[in-house]
Amino acid sequence: MPKFSSRALFLLLLLLSMHVDLFAQDENDTSKISITRKALDKGMDLITRSNRDTVLVENAETKFLPFGGMIIRNISVETVGFDFSIYGQQKPIVQKVGRIANKLHTDTREKTIRQHLFIKENTPLNPYKVGDNERFLRDQPFILESRIIPKRVGDTDSVDLVVITRDIFSIGGSIGGSFPKAPLIKLYDANVDGRAQGFEVDFLYDIDRTPRAGIGAAYTKSSVMGSLADLALYYTQLNSGLSLGEEKEYSYGILLERPLVSPYSKMAGGGGWSQNWSRNVDSRPDSLFLNYKYDVSNLWAGYNFGSDKKLQDRSRKFVALRLFDGYFTTSPEQEKVADEARYNNSSGILAEYTRYQQNFFKTQYVYGFGRTEDIPYGYNLSTTVGYTKTMGIERPYAGLNLNYKGAAKSGSFYEVLLNAGGYVRNRSMEDIAIQTGGTFYTQAYSIGKYKIRNSASGYYTQLFDRVTNDWLTIGGNTIPGLRVEEVDATQRLSLGFESSLFTPWSLIGFRIAPFSSFYWAKLRCSTCIDKYQNFTGISLGARIRNENLIFGTMEIKGTFIPNDDEGNSKFAFSFRKNLRFRKTDVYVTAPSLIIYN
């Protein structure tokens, strides 16, 4: 009698059980299977695309509108593994790499997907809420693509939903730092055992460091027990925590936060705590090394008014309260930093009232290479009041924030903002900060197999009656590779332009998009010899992405700076990863002071 392996026996039993189950179904169950099969086929067609496809421009709720008000009879979940390509048939070498990687990958479990659903069975279908849930799934780090397919049940007023998600290969790693003298190795998995939990371990070995070895570790879990709240725990010796000071810092902390994932949600909030301390790993002299230790606590909660409004009315009011405290148990002894706010205790209470209305449209080729990217449009107007204590100075605070995002049917979109905030003391205003500006993205133009998208941005920031606020600076977000911090600047103007070319080129599944950028910024310093200081930067680079992998979009860029802060020309090289348009599941955030640097 031939011998069967345990795997073959298992497959045989599985096939037999499937046969029995199919014949055991009643007529209604058979109907459900048929509807699910058709929906799955349609969902796969929506997920699969090629570089020649027309760029997607679609409102998130469009395909659900004909089913509005129908009763959701059944929600089924189909998870598509890492081995399925959204680009259809891949080259043999890419297929082989995919098969090898798939042996290391565990598909996301159905239970995990259901923990990220806030649409429910036996409730009326809200087209906008279903669109929000589809987007929320797509925004998870272990999901590449998601679609929710509605199918009407015969001539009834019921509808079945099939949730289809396509995994990303969640295991990743990188080698950075300064190789070979100080390599930094990172290993991580964002979806361990398909349960939406992530682990990351970092290891640095630097021969100029004391001690030479440094480690970091982090654990994350999204939608803990289906609550839609995200948990993060971390410990680091690599200055990769909160890190407010200029020294290398060790730290550990915890963060638990539930974002407002939809205008139909009622509550949002979170809290976090961390302890941070400087460590003289560079063996600096005691007179120069800043020895300090501080704790940071943060707690906030908010309520969303109008969550039960009519389906098409997305306008809402949100009220939130936040408590924060940054306490130094050890302060630097050097007098030169005694008057810097970041080395002094800071605490306060903030209350915020927000009116907002926000929708999303789906498109591609912003930072992704064909994957669906969710672009918000609408407005957010908030007023913040509070009471703070910084450097021993206690003052009331008031701020105003206006953010407007617009979108055209052609696929272009833009964002404009106006933020202003300040304090009151002795019946006069001080530490006033005003910032305004915006960014415009053109539609993605198709030229044969290529696609081009351009963008332009401009921002203006002004400080008045400075007491504890930090001076304005120029950093990598303004001009890559340039840092201008030793200037008492109270005014800053910056402009940026970029053109990206999305190509059909592919190397072992990695797609390439070259780009060029131009940056210009001006600082005004009333105490400097040259009151106005101008800086420019010209960049050439490429963004690289494999949509199958968790790395996100990687950017390699070289920037030429004709004149730095010392009047010298320089060439700066940079590498960034995990670029994306922005995390889109947040309609409102915790109350905060105006941030301008």
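This is a short tour of the structure, stop by stop.

**Start with the whole chain.** The model is predicted. Show everything as a cartoon. The protein has five helices and 28 strands. It counts 597 residues, and 47% of them are buried. Among contacts with a separation of 6 or more, 62% join residues 24 or more positions apart.

**Select strand 14, residues 346-363.** Which strands pair with strand 14? Begin with strand 15, residues 373-390. Pick Leu-350 and look across: its bridge partner in strand 15 is Gly-386. Next, show strand 13, residues 316-330. Strand 13 is also antiparallel to strand 14, through 11 bridges. Here Leu-323 stands opposite Ile-349 of strand 14. Finally, show strand 1, residues 58-59. Strand 1 and strand 14 are antiparallel too, with two bridges. Asn-59 faces Phe-361 there.

**Move to the salt bridges.** The whole structure holds 28 of them.

**Select Asp-193 and Arg-109.** Their closest N and O atoms are 3.0 Å apart. Asp-193 sits in the loop between strands 6 and 7, and Arg-109 in the loop between helices 3 and 4, so the pair ties together parts 84 residues apart in sequence. Are these two residues buried or partly exposed? Asp-193 is partly exposed, at 32% relative accessibility. Arg-109 is partly exposed as well, at 33%.

**Select Asp-374 and Arg-138.** This salt bridge has its closest N and O atoms 2.8 Å apart. Asp-374 belongs to strand 15 and Arg-138 to helix 5, 236 residues apart. Asp-374 has a relative accessible area of 7%, so it counts as buried. Arg-138 is buried too, at 3%.

**Select Arg-284 and Glu-247.** Here the N to O distance is 2.6 Å. Arg-284 is in the loop between strands 11 and 12, and Glu-247 in the loop between strands 9 and 10, so the pair ties together parts 37 residues apart in sequence. Arg-284 is partly exposed at 28%, whereas Glu-247 is buried at 5%.

**Last stop: a network.** Select Lys-63, Glu-134, Arg-138, Glu-145, Arg-147, Lys-362 and Asp-374 together. Salt bridges that share partners join these residues into one network. Arg-138 and Asp-374, from the second pair, are in it.

Key: Residues are numbered from 1 along each chain as its sequence is written. This is a predicted model: local features need pLDDT of at least 70, side-chain atom pairs count only at pLDDT 80 or more; totals for chains, interfaces and linings use all residues. Side-chain values use heavy atoms; hydrogens and water are left out. Two strands pair if DSSP finds at least two bridges between them. Helices (H or I, at least four residues) and strands (E, at least two) are DSSP runs, numbered from the N terminus. Buried means under 20% relative accessible area, exposed over 50%, partly exposed in between (1.4 Å probe, protein chains only). Contact means heavy atoms within 4.5 Å. A salt bridge is a side-chain nitrogen of Lys or Arg within 4 Å of a carboxyl oxygen of Asp or Glu.
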